[in-house]
Amino acid sequence: AMSSHREAPEISQDPVADSTDLYAFVSPDRPSTVTLIANYIPLQEPAGGPNFYEFGDNVLYEIHIDNNGDGQAEITYQFQFTTQLADPGTFLYNTGPIRSLSSPNWNRRQHYSITRVEHGRSRLIARHLPCPPCNIGPLSTPHYKKLCEAAVRDLPGGMRSFAGQRAEGFY
């Protein structure tokens with residue numbers, strides 16, 4: 001995988017696959033767990049419309065975990081995304097304010113699945129998890145924080161998942 005916040009010439013041709021950062025830390029609110037955060041698609045701003053930022057349907061996003069320091073992943077989490085158009089007759093992302101994850105005004109939705117690979121065996125953990133809409137401003141996403149909270153999902157084994165835009169502290 002490539003990284004480096006778009007200065008690598010090759011990855012600038014494929015921004016949805018641009019992995020900019022990976023964070024792993026003991027969760028401050030749940031000290032017996034680890035939080036993993038992978039960042040993709042750098043430099044997003046609401047002014048980037050009318051085609052806003054989304055994960056690539058043809059990209060396999062992975063987080064590799066090496067638990068013993070040998071440089072080989074013992075566990076890999078794979079994330080695959082699908083995009084659906086509510087109204088294929090328009091290219092618009094939304095046709096009015098998006099107030100919920102089921103809003104009829106939201107035209108371009110994304111969902112994802114998570115697969116865990118361990119010892120060469122794949123196990124689907126979850127499918128059809130919702131992404132929140134892009135944060136495109138208070139007129140289109142008036143309660144963005146609530147939309148994001150609605151997209152956080154509890155998964156088997158005490159895991160939680162979220163895939164969507166966040167303000168990154170590095171920038």
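Ring pairs join Tyr-40, Phe-55, Tyr-61, Phe-79, Phe-81 and Tyr-112 into a cluster; here rings of Phe, Tyr and Trp (its six-membered ring) pair if their centres lie within 6.5 Å, with planes under 30 degrees apart counted as stacked, over 60 as edge-to-face and the rest as tilted. This is a predicted model, so local features need pLDDT of at least 70 and side-chain atom pairs pLDDT 80 or more, while totals for chains, interfaces and linings use all residues. Residues are numbered from 1 along each chain as its sequence is written, and side-chain values use heavy atoms, leaving out hydrogens and water.

Searching the whole structure turns up seven aromatic pairs. In one of them, Tyr-61 and Phe-81 sit edge-to-face, 5.4 Å centre to centre and with 90 degrees between the planes. Tyr-61 belongs to strand E3 and Phe-81 to strand E4, so this pair ties together parts 20 residues apart in sequence (strands are DSSP runs of at least two residues, E, and helices, H or I, of at least four, numbered from the N terminus). Tyr-61 is buried at 3% relative accessible area, and Phe-81 is buried too, at 4% (buried means under 20%, exposed over 50%, partly exposed in between, with a 1.4 Å probe and protein chains only).
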